[in-house]
Every structure is written in structure tokens, then in C-alpha cells.
Amino acid sequence: AAWQLTGNADRIAYLESMGWQVEEEPVETLQFLLPEKLEEPYLTYNELQDSQGFDLSACCGKQVARYTYTVTNYPEVPDGVQANLFLCGDRLVGGDIIATGENGFQTVLAFPEK
């Protein structure tokens, strides 16, 4: 199903539906032009997206927005975790959960199983 997220409240509601608690405002909003053809690092990143039902290639050559939120409830990692949502217009086309720092990681949007 294609998620239409028309504003900040919709983006937060989507993240909450996945089990995440996030701060109300994004820590960063970034607009960028996706290349006409996906090459690295986009190809590898799109494999992560494909594994959760998204596909960045549908937006090649188009403007994409990335909204980054601070995650406050990642299990056993109290800080440094963020959620990224990628939108092409109002359509959600990708996302990930990342942790920065020494034991950093990047994973899908699904809340981790216990």
C-alpha cells in the first residue's frame, strides 16, 4: 500500500503505527534530486527499501524529501537513534532507523522483535 503522508502529523502517525515514539519535530529536513538512474550508494540502500516494500527507483529524476526524527524508544539504546522517512511528493518511498556512534547501525522501519 502506498502511504500518503501530507504533513508532520501524518509522518509521526506513520512512525507510531510502526511502534516508534519520536520527538514532535524533525531534527532535519532535506530536499534532494534522486539521480535518473540508481547507482551506488543508492543501489545498496534500495535493497534495504525493497526488503520492506519500498522502491526508490520509482522516483528517479525527481525531488525527494528526507525527514529525520529523533527516536526515544529504541530498545536498549537510549540515545543517538533516528528515523528517516523519504517522500516523493506526499508518497512514502522509503525509510530507515539509524544509530550513530561507535555501535551504529542502519535497519528497516519495523520495530525490532524482542
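Biologist: How many helices and strands are there in the chain?
Modeller: This is a predicted model. Read from the N terminus, the elements follow the order α-β-α-β-β-β-β. The chain therefore holds two helices and five strands.

Biologist: What is the radius of gyration of the chain, and how does it stand to the globule rule?
Modeller: The C-alpha atoms fill a box of roughly 40 × 30 × 25 Å along the principal axes. For 114 residues the globule rule gives 13 Å, and the chain comes close to that, so it is as compact as a globular protein of that length. The radius of gyration is 14 Å.

Biologist: What share of the residues counts as buried?
Modeller: The chain exposes about 6500 Å², with carbon and sulfur atoms supplying 49% of that area. A residue counts as buried when its relative accessible area is under 20%. Of the 114 residues, the buried share is 40%.

Biologist: How many positive and negative side chains does the chain have?
Modeller: The centres of the two sets lie 7 Å apart. The counts are 6 positive and 18 negative.

Biologist: Which residue forms a salt bridge with Arg-66?
Modeller: Side chains of opposite charge can pair when their charged atoms come close. The cut-off for a salt bridge is 4 Å, and by this rule the chain has one. Its closest N and O atoms are 2.2 Å apart, and the partner of Arg-66 is Glu-28.

Biologist: Which strands does that pair tie together?
Modeller: Glu-28 and Arg-66 are 38 residues apart in sequence, so the pair ties together separate parts of the chain. Glu-28 lies in strand 1 (residues 28-33), and Arg-66 lies in strand 2 (residues 63-70). The strands are thus strand 1 and strand 2.

Biologist: Which side chain of opposite charge is nearest to Arg-11?
Modeller: Arg-11 lies in helix 1 (residues 8-17). Arg-11 is buried yet has no salt bridge. Leaving aside neighbours within four places in sequence, its contacts are Leu-5, Tyr-67, Tyr-69, Leu-85 and Leu-87. The nearest side chain of opposite charge is 6.7 Å away, and it is Glu-25.

Definitions and conventions: Residues numbered from 1 in each chain as written. Predicted model: local features only at pLDDT ≥ 70, side-chain atom pairs only at ≥ 80, totals over all residues. Heavy atoms only, no water. Helix = DSSP H or I, 4+ residues; strand = E, 2+ residues; numbered from the N terminus. Rg over C-alpha atoms; globule rule 2.2 N^0.38 Å. Buried < 20%, exposed > 50% of the residue type's maximum accessible area, 1.4 Å probe, protein only. Areas by Shrake-Rupley, 256 points an atom, 1.4 Å probe, with all protein chains shown as cover. Lys, Arg positive; Asp, Glu negative; His and termini not counted. Charge placed at Lys NZ, Arg CZ, Asp CG, Glu CD. Contact = heavy atoms within 4.5 Å.
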